[in-house]
Amino acid sequence: MAVTLERDGDCAVVTIDNPPVNAASHAVRQGLMEAVATCDADPAVRTVILRCTGRTFVAGADIREFGQPPREPHLPDVVAAIEAAAKPWVAAIHGTALGGGLELAMACRARVIATDAKLGLPEVNLGLIPGAGGTVRLPRLVDAETALTMVAGGKPVGAAQAHRAGLVDEVAEGDLVAAARDMARSTTGNEPPTLERPVRHPADADAFAAQKAKLIAKARGQQSIEAAVHAVARALEMPADEALASERDAFLELKASDQSAALRHIFMAERATLSDPRCKGRPRPFGTVGVIGGGTMGAGIAAACLLSGLTVILVERDGEAAQAAHERVSSILDQSARRGIVDETMRAAIGNRFSAHDGYGTLSRADLVIEAIFEEMDVKKAVFATLDTVTKADAILATNTSYLDVNAIASTVADPSRVIGLHFFSPAHIMKLLEIVVPDRVADDVVATAAAFAKRLGKTAVLSGVCDGFIANRIMSAYRREADYLIEDGALPADVDRSMRDFGFPMGVFEMQDLAGLDIAWAMRKRRAATRDPNERYVAIADRLCEQGRFGRKTGAGWYRYEDAKPVADPEVTALIDAERARKGIEPASLPDDAIMDRIVSAMQSEAQKVLDEGIASGPGDIDVVMTSGYGFPRWRGGPMFMKARQDAGERA
């Protein structure tokens, strides 16, 4: 049974057992309603404890039911029944209480939480807002500012923060159910239900208005965030019953929206990326990680590993470079400490797990070595040939290459089965995406280790086959090439970037190139020049910029000129574009924003389809995850392949 009821003296214990995450499915909702009725009718029961088995409290609604006809009892009815119960309920929270789980907990008269538990209302991440009273009850337990952050931001809070804010009544250091039982025994039954408590209005109305405006601006078109802001505002001003009705109407409208469908698609796709059977096998140990190269990427990889509890040995070309790399990694760790990601004790402990050297011999004890040097095949092959002689025979050797042939790199070592690609995105300690590039001869347990390593680092990992650029950079190169065509055809860099930002990208493709540095792609284009198809349309404008030393932000000029670190359209770039158009005899045409985005998204979709057809990606969902996690494609649009499927379905209809 999904819900069971036991007696413990005059206390009833209601237990939810609905693995894996105790989602508030129909069976759970029905069981809770029956438990309320049973406890209210039993004169021997004075109080009720609500707990869950397994690793978590109720972690949310069962999103598998979203596409099905609604079945009573609905969650708002269950929440209302618990709150109105004649016998007061106490929630014993462990793991996570998210969405509907937190709404159930807030309906109880009191809440006890385990020290490592987290509470949150993440519905905005699925294109929704809380629909069972979350936006109305929360600002009656916590201050308005915290309520707004939790509802519109979607991030959970820890036990200590929840206790300080007033969301929970006690943090249990020991036995959670025993603590809940003690609290239940101390209840009088006269404690006011949550909805009868006064709302906690903002301390500073102007600051609160600014907080709302900032959240809406940051949403970049995501409807659920704006709806969440308005829902909290209504809860502060309306009577509870009216605010509840408005919340439910907004929830149902969002649930039926294209944006919610897109966000639910991404949510499920992210959880399916490592479904390949090879990812489920027994991994090799990877407690000690070697990193070759301590530049921006290598330092980020090292920091990501250290922050995940791993030991890191970093190797550079000489002592001076090793010292610089050590300082670079230490700076990242110090930033993490300042941001509260680690405390001072943890920061000190991390330092004891890190060392930087100028000799490969220190890698003899590494379980996994990640090469993160510049993109030059001969240099990478030389590194792997050296690693083959200094590392353990079963140590995994990984390359962070973003374009090069991992099969060719693997052929350098005696046992190619231990070589794999781990393509991080910069900055590696922040960016979530990790492409696991699977060469032809890799061992299954090496793939399993890469998957386990990604999970340890908290990355969203996607398996990719071997090709030039893999999934992410291959598709990015295609739409960047289309952006080049657009500026030859009549647009300016600012037009393209504005169109992409309005579409929902955090920045446009030309702004992104300036941030990354134009010289990197220029070097790659020069390497490929000899093998380029002479019939291929080639836009040389970026080459002309690089020839002038305009490499982007780091030189103060690229596609834009930078004044006080802000991009400004540069007449010199416009003149250069005009000259290239004239040289090719191109008459520039007016290109509206929607036409610009149609061409960019179509270029993504066309190349993505080739990636699928060639078996480089296992499914369209993986491509959508790559584009949303790696290149800022707006999650609320679902990714280019989700859009294509919707477009194709519309055409068939």
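Author: Leaving aside residues up to four places away in sequence, R137 touches V79, A80, E83, M106, A107, A132, T194, L195 and L244, where contact means heavy atoms within 4.5 Å. This is a predicted model, in which local features need pLDDT of at least 70 and side-chain atom pairs count only at pLDDT 80 or more, while totals for chains, interfaces and linings use all residues. Residues are numbered from 1 along each chain as its sequence is written, and side-chain values use heavy atoms, with hydrogens and water left out. R137 belongs to helix α4, residues 134–137, a helix being a DSSP run of H or I with at least four residues, numbered from the N terminus. With a relative accessible area of 3%, R137 is buried, a word that stands for under 20% with a 1.4 Å probe and protein chains only.

Turning to open space, the second largest pocket is lined by 22 residues, and S477, R481, R525, R528 and E536 are the ones nearest its centre. A pocket, found on a 1 Å grid over the protein atoms alone, is an open set of points where a 1.4 Å probe fits, with protein on both sides within 12 Å along at least five of seven lines, and lining residues have an atom within 4 Å of a point. Helix α18 (472–489) is among those that each supply at least two lining residues, and α18 gives the most, with eight. By class, the lining holds twelve charged residues, seven nonpolar and three polar, where Asp, Glu, Lys and Arg count as charged, Ala, Val, Leu, Ile, Met, Phe, Trp, Tyr, Cys and Pro as nonpolar, and the others as polar.

Methods. Buried < 20%, exposed > 50% of the residue type's maximum accessible area, 1.4 Å probe, protein only.
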